[in-house]
Amino acid sequence: MLMNRRDALFGLSLTIAAGSGGYAWAQPALGWTPTALTAAQAQILDVVAELVYPKTDTPGAREAGVPQMVDKALKGWCDPMQAGFIKSGLDKLDTDAKAAHGAGFVALTAAQQGAMLIRYDQEATAARPQPHPFGALKDLMTIGYFTSKPGATVTLRYDPVPGDFKGCVPMKEIGRAWAT
Amino acid sequence: MANLNTRWRKENTYDAIVVGSGIAGGWAAKELTEKGLKVLVLERGGPMPHITGYKTATLDPWETRYPLGRLPDAEMKAKYPAQQRTGYALTEYTQHLFVRDDENPYEEKQRFDWIRGYHVGGRSLMWARQSYRHSPQDFEANAKEGIGVDWPIRYADLAPWYDYVERFAGVSGRKEGLPQLPDGVFQPPMEFNCVEEVLKKGVEARYPERRVTIGRTANLTAPTEEQLALGRGKCQHRNRCIQGCPFGAYFSSNSATLVAAERTGNLKIRPNSIVTTILHDPKKNRADGVRILDAESGQEEEFYADVLFLCASALGSTWIMMNSTSSRFENGFGNGSDQLGRNIMDHHLGVGAQAEAPGFEEHYYSGRRPNGVYIPRFRNLGDAATKKDYLRGFGFQGGAGRPSWTRAIGAPGLGADRKAELTQPGPWIARLGGFGEILPYADNRVTLNKDKKDKYGLPTLTFDASIKENEQKMRKDMIATAMEMMEAAGFKNVQPVDGDYAIGLGIHEMGTARMGRDPKTSVLNAHNQVHECKNVYVTDGAAMTSASCVNPSLTYMALTARAADHAVNAKKRGEL
């Protein structure tokens, strides 16, 4: 329940811009063992992922297993330089959080966390086409989220065997974007 | 060896040997077995049983090992430096279909993209299924323009065979009545989407000589009794054809021709059989059979037959002929003309236009159509109005769609609102990409490289080919015309697409053992027989005298069926 409430607050904070008050909650145990990340990095990733794709009327990144997918990609898919780049981005979130608020990233309020991510996202946008650690991380989370079973089948629509093709259908009859 | 030869003569003799099991080889196997010949198909790659061999056919996005099924960069670079050049085709979903370049190397004096699949079924499991006939003009252009050599056949020679292969393979499409793109035997066409309808109306209103039609694709939309009896079914619009179709809905050797061939009881397929040499009997001047290298055991073995069909892909068949030297053929099998390995053609692509199509946000589509729109050639049709400062022409393939969540990659935004946005499809985007004809140039060639060996210790190929001024001029026109058609449709933010291209990237390599009327200037005759050794037929892309601008597989099918008919009749007459 607490998670739901925090997520709702975060959604609001994005809409009305960051800065409203919030509360920090103790982080639950991860429930999975990172292979590429340190425990601290994994905790940060867990929070970041849920802030980027929060639980709303559809599942959030945590429920979709996005943090695990990112960790797995960093271990066996990204080349070592790219993986190091993304990991350094997670570390920097913590360093920046301590410098600005005197506490590590996971201990900040949802509003503070959201504000930091919005700033990072703006930095990543400004940096393009140069890579930015948060941009690279967010892309991995995006792929992880929308190719997950909840992301593809609940948040979006997924039909492995459509049968027919209909070229021009009122959007309201379909409702959501196709996952593939 | 003498003992072995005796045993092989007894055990390894067939009426016909077909080398390769892709589009052409499958057709040769079907036609020859159905006409009563005992046929051995030799396939250099491993087995690929229909349906059970398609191990990624139903793989869902969340089941991949890697994000989007994309292989790690390090693995791509190490194993697939050339195969990865398509940029899209080689993934975890398709990895089992592509050759490893490190094990099957080649040299490039100029960049050459040789995209291959070694397994039973070959690239008939990997093709884009677009199926168009060459036009009367395509068969006449070389002679009229003094380019290369004249085709030894005309459209009328092939037309009944196009009918024949379309009826069996199953091609969906719309009749358009255009001389530059002859109609065929079609199953019902697939639908346009809303924005493609707009494209059609806009283009045809502004440019009466241009036509926007639905792609003609070898996916069944209304299977015939014959197709159903083979175990094939209607297209389910998964658009996962390359992962293997559990419904047998698209045409492949595995779903169609090899099934028909097997049912005759006259077929034997031997996978893992790399044909290295055509055995030539100088006394009779005929091919006696072939020597293979077993890819698994490393042992050589010989097989014998009265008729030999080379269907190993243009460059595969060319390699076999180059590697088959003898006192009679010091310069390669049937290569008295010195044309073997020359005149490499492909279709040049990677240029066109892209635009946004606002106004249809309230509409979407359902199902994944494994097909797009097609705009047949409209340049150099023989009249003054369509004449350009280059020869030949191009067609466009493309379509419209709404990007889904992938538009978030590299884009700003996060949180609940962004997530809600991404549950809806993005703006409509229309794209057109040209497929242009490449002329046959004698110095666009491939040669045998005995210094560089593959993992079996066999010689490799060296490529030295490029597009030239005619193609470069055409590419500019492809971009300009794609953009003006987008404008004519009323689309916004029209952008040119000007991608790079090297020969091979079209994966339509052809022309390296061309058909012609004169043995001095061509390798094959009007029936795809090697001029200098009549019981050897080459019916894959190697045979092509010119490239047209349309996808070539349907023509390989028709040429193969026609050549098989010829071979059976010639054999009956005792001519082979």
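Chain A contains 8 helices and 1 strand. This is a predicted model. Chain B has 12 helices and 21 strands, and the contact between the chains draws on 47 residues from chain A and 41 residues from chain B.

**Chain A**

- Along the sequence, the elements of chain A come in the order α-α-α-α-α-α-α-β-α.
- Chain A has 180 residues, and buried residues make up 45% of them.
- Of the contacts in chain A with a separation of 6 or more, 62% are between residues 24 or more positions apart.

**Chain B**

- The 576 residues of chain B include 53% that count as buried.
- The C-alpha trace of chain B spans about 80 × 55 × 50 Å along its principal axes.
- Within chain B, 73% of the contacts between residues at least 6 apart in sequence join residues at least 24 apart.

**Where the chains meet**

- The side of chain A that touches chain B takes at least two residues from each of several elements, including helix H1 (2-15), helix H2 (39-52), helix H5 (110-127) and helix H7 (149-155).
- Also on the list are helix H6 (133-146), strand E1 (166-170) and helix H8 (171-174) of chain A.
- H6(A) gives the largest share of this side, 7 residues.
- By type, the residues on the side of chain A that touches chain B are 26 nonpolar, 13 polar and 8 charged.
- A strand pairing also crosses between the chains: E1(A) is joined by 3 bridges to strand E13 (residues 363-366) of chain B, and the two run antiparallel.
- In this pairing, Pro170(A) stands opposite His363(B) of E13(B).

**Arg392 of chain B**

- Arg392(B) lies in the loop between strand E14 (373-375) and strand E15 (394-401) of chain B.
- Arg392(B) counts as buried because 24 other C-beta atoms lie within 10 Å, and the cut-off for a buried residue is 20 or more.
- Beyond its neighbours within four places in sequence, Arg392(B) is in contact with Ala141(B), Asn380(B), Glu437(B) and Cys549(B).
- One of these, Glu437(B), is 45 residues from Arg392(B) in sequence, while their C-alpha atoms are 6.5 Å apart in space.

Terms used. Residues are numbered from 1 along each chain as its sequence is written. Chains are lettered from A and ligands numbered from 1 in the order in which they are written. This is a predicted model: local features need pLDDT of at least 70, side-chain atom pairs count only at pLDDT 80 or more; totals for chains, interfaces and linings use all residues. Two residues are in contact if their C-beta atoms, placed from the backbone, lie within 7 Å. Helices (H or I, at least four residues) and strands (E, at least two) are DSSP runs, numbered from the N terminus. Ala, Val, Leu, Ile, Met, Phe, Trp, Tyr, Cys and Pro count as nonpolar, Asp, Glu, Lys and Arg as charged, and the others, Gly among them, as polar. Two strands pair if DSSP finds at least two bridges between them. A residue is buried if 20 or more other C-beta atoms lie within 10 Å of its own, exposed if 12 or fewer, and partly exposed in between; C-beta atoms are placed from the backbone.
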